[in-house]
Amino acid sequence: MREVRNCFPASSMRGTWTIAGGHLTPGDLLLPGDWIALEGSLYNDGAHQLDEHGDLPGARDETFTGVIWLLRPPGAFLELCAEIAAWEARWDTGALAQERLEGYGWRGATDANGLPVDWRDVFRARLIPYRRMFPEVNP
């Protein structure tokens, strides 16, 4: 979402929120699996997906006044994100493009000229339909 500057906002709720043990209060309008973006949080700003219990995994405890955006990313976008994550896991983009040590060899993703590429290069064209000039919410 950050890369395309698009969080797919559907609605927002302004108020004072508490996160304790990953549980967001009040959160009675949120469902497990919902995508939300927090604005105004000192520790947890950005987009998050609620877990199967409706909690924010890994969130730090705090009380803040701000906005919670309900996000509705399209299924095709989420599928593309999963494909990108799988590509990154396969190619380990932080590694060298080529490495050799005796019998061992490893080669990362490269373009037609043998230059290293990362997921942004590979998926750029497919991300264009989702890209926004400016973000609607703080991703």
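Modeller: Let me begin with a term: a pocket here is an open set of grid points, where a 1.4 Å probe fits, with protein on both sides within 12 Å along at least five of seven lines. Please keep in mind throughout that this is a predicted model.

Colleague: What volume does the largest pocket have?

Modeller: Rolling a probe the size of a water molecule over the atoms shows where empty space is left. For the largest pocket, the volume comes to about 200 Å³.

Colleague: Which element supplies the largest share of the lining of the largest pocket?

Modeller: The lining includes Met1, Arg2, Glu3 and Val4, together with Phe77, Leu78, Trp119 and Leu127 among others, and by class it has nine nonpolar, no polar and three charged residues. Two helices, α1 (75-91) and α2 (119-127), each supply at least two residues of this lining. The largest share, six residues, comes from α1.

Colleague: How many residues does the largest nonpolar core have?

Modeller: In soluble globular proteins, nonpolar side chains tend to be buried together. In this model, the residues with the most contacts inside the largest nonpolar core are Phe77, Leu80, Ile84, Trp119, Phe123, Leu127 and Tyr130, and α1 and α2 each supply at least two residues of this core. A second, separate core includes Ile19, Leu30, Ala59 and Leu70 and has 12 residues, whereas the largest core has 15 residues.

Colleague: Is Phe8 buried or exposed?

Modeller: Phe8 lies in the segment before β1 and has a positive phi of about 60° although it is not a glycine. Buried means under 20% relative accessible area. Because its relative accessibility is 12%, Phe8 counts as buried.

Colleague: Which peptide bond is cis?

Modeller: Most residues other than glycine have a negative phi, and most peptide bonds are trans. With omega near -10°, the cis bond is the one from Thr25 to Pro26.

How values were computed: Residues numbered from 1 in each chain as written. Predicted model: local features only at pLDDT ≥ 70, side-chain atom pairs only at ≥ 80, totals over all residues. Heavy atoms only, no water. 1 Å grid on protein atoms, 1.4 Å probe; cavity = no way out; pocket = protein on both sides within 12 Å on 5 of 7 lines; lining within 4 Å. Points joined across faces, edges and corners; volume = space filled by probe spheres on them. Helix = DSSP H or I, 4+ residues; strand = E, 2+ residues; numbered from the N terminus. Nonpolar A, V, L, I, M, F, W, Y, C, P; charged D, E, K, R; others polar. Core = buried A, V, L, I, M, F, W, Y, C linked by side-chain atoms within 4.5 Å. Buried < 20%, exposed > 50% of the residue type's maximum accessible area, 1.4 Å probe, protein only.
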